[in-house]
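Please keep the sequence and the coordinates at hand while reading.

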Amino acid sequence: MKWPLHGSNPQYLYQSMGVPLPDHYIDFSANINPLGPPPSLKEKWGQAFELINDYPDPKAYQFSIKAAEKEGLPVNWILPGNGGSELIALIARLLAGKRVLIVQPAFSEYEEACKANGCQIGYHILEEGKWELMSESIISELDHYDALFLCNPNNPTGTSFSRHAISRVLKESAAKNCFVIIDEAFYDFSEEVHSFASSIQTYPNLMVLRSMTKMYSIPGIRLGYAIAHPHVLKEMAVFQPHWSVNALALMAGEECLKANEHVRKTRRYIGMQRSRLVKFFQENGYEVSNFNVNFYLVRDSDYIDQLPLICFLLEHGIVPRHTYHFPGLEGRWIRLAIKREDENDRLMEVLAKWRTVK
Ligand SMILES: Cc1ncc(COP(=O)(O)O)c(C=O)c1O
């Protein structure tokens, strides 16, 4: 079976399963904010039309200033990109031919991008079910690597690593001259998560990645930024196409960075939905990851391979994210996003039905 590599665009999952795309479905495979973009962005959208008959600022200066203010850093410590994905591709270019360790299971683009640049890839596989960062075990491997990719909060597990464990790894990586990339694409969905952006000035071997896609629900626009020492960003920027970030993205990005109330509202909402879902999973015998963001791993432990559950969900118009490509998961779990309340209700209804028919 040829599984799609990413969530979203559910037609490809239906196609690969040979199941016809139903008229109505709910896409639980894309982990973006269920409350949508900040309302202020919609209000401004009409004005954006004027922006398209001129080139965007190739330095993305105004957006960078706003992002730098938010991070409490000088502006040259920020590099905007055409989504977090472009920034991952640029880092991988910088790491061409080097030895790269990836803490797995994790977002697949790290490996894809590093492979495309001839890197030698190693995995550090987290213990299934707990997915905790065993810092001493990673530290013992660092001598063999030039760079380390860490996703926190982690996609696909939805879990977060302890601040202490990451700090230990960072400190030892600096001593061992190993570059560390912490992808914080989902950090703002939970107050419990500690961002390492403030450690950048202490650790010149650190880069933190931000995506604007997830919290602000703008995946169609493509915007993210890297935070790192200016000399690292300068080397990366050499590989970036001119005008890589378009004018609409820059305008939207500035607007989103002001939307603090939307972020607070989202966190409250995710917290509430999380409690309802966890209660349901516990009462109905499903195993779920200890998540604190807007997505999670879940499984019916009567099955090792979750394929029967995937088929059942698709037939009922629920689109899950399969995990066949993730090292350390290999299809033993499915990933689901937190959606709107009525959509989460529908998910629980279908999962309750699965218990009675299988
Ligand atoms: C952990 C993580 N990082 C980065 C990205 C890239 O996001 P974007 O390119 O939309 O900013 C994704 C997208 O799914 C992701 O899950």
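P156 lies in the loop between strand 5 and helix 7, where helices (H or I, at least four residues) and strands (E, at least two) are DSSP runs numbered from the N terminus. The model is a predicted one, in which local features need pLDDT of at least 70 and side-chain atom pairs count only at pLDDT 80 or more, while totals for chains, interfaces and linings use all residues. Residues are numbered from 1 along each chain as its sequence is written, and side-chain values use heavy atoms, with hydrogens and water left out.

The peptide bond between N155 and P156 is cis, with omega at about 25 degrees. A cis peptide bond also links N152 to P153, with omega at about -10 degrees. P153 is located in the loop between strand 5 (147-151) and helix 7 (163-175). In the loop that runs between helix 7 and strand 6 (179-183) is N177; phi of N177 is near 60 degrees, a positive value in a residue other than glycine.

Together with helix 5 (residues 109-116), strand 3 and strand 4 make a right-handed β-α-β unit; a crossover is right-handed if, with the strands pointing away from the viewer, the path from the first strand over the helix to the second runs clockwise. Strand 3 is also paired with strand 5, in the parallel sense and over 3 bridges. In that pairing, I102 is opposite F149 in strand 5.

Two packed helices are described by the angle between their axes and the distance between the axes. For helix 3 and helix 9 (residues 247-257), the angle is about 25 degrees and the axes are 9 Å apart. These two helices are therefore roughly parallel to each other, as angles under 35 degrees count as roughly parallel, over 145 as roughly antiparallel, 65 to 115 as roughly perpendicular and the rest as oblique. On the side of helix 3, Q62, F63, K66, A67 and K70 meet L250, G253, E254 and L257 in helix 9, contact meaning heavy atoms within 4.5 Å. By class, this contact of helix 3 with helix 9 has 4 nonpolar, 2 polar and 3 charged residues; Ala, Val, Leu, Ile, Met, Phe, Trp, Tyr, Cys and Pro count as nonpolar, Asp, Glu, Lys and Arg as charged, and the others, Gly among them, as polar.

Helix 12 (residues 341-357) packs with helix 10 (residues 260-283) at an angle of about 10 degrees, the axes being 11 Å apart. That makes helix 10 roughly parallel to helix 12. The residues of this contact of helix 10 with helix 12 divide into 8 nonpolar, 2 polar and 3 charged. With helix 11 (residues 307-315), the axis of helix 12 comes within 11 Å and crosses at roughly 125 degrees. Helix 11 and helix 12 are therefore oblique to each other. In this contact, P308, L309, F312 and L313 of helix 11 meet V350, L351, K353, W354 and V357 of helix 12.

An open sheet of 3 strands, in the order 9-10-12, has antiparallel pairing.

Conventions. Two strands pair if DSSP finds at least two bridges between them. Axes are lines fitted to C-alpha atoms, for helices over the stretch in contact, and angles run from 0 to 180 degrees between N-to-C directions.
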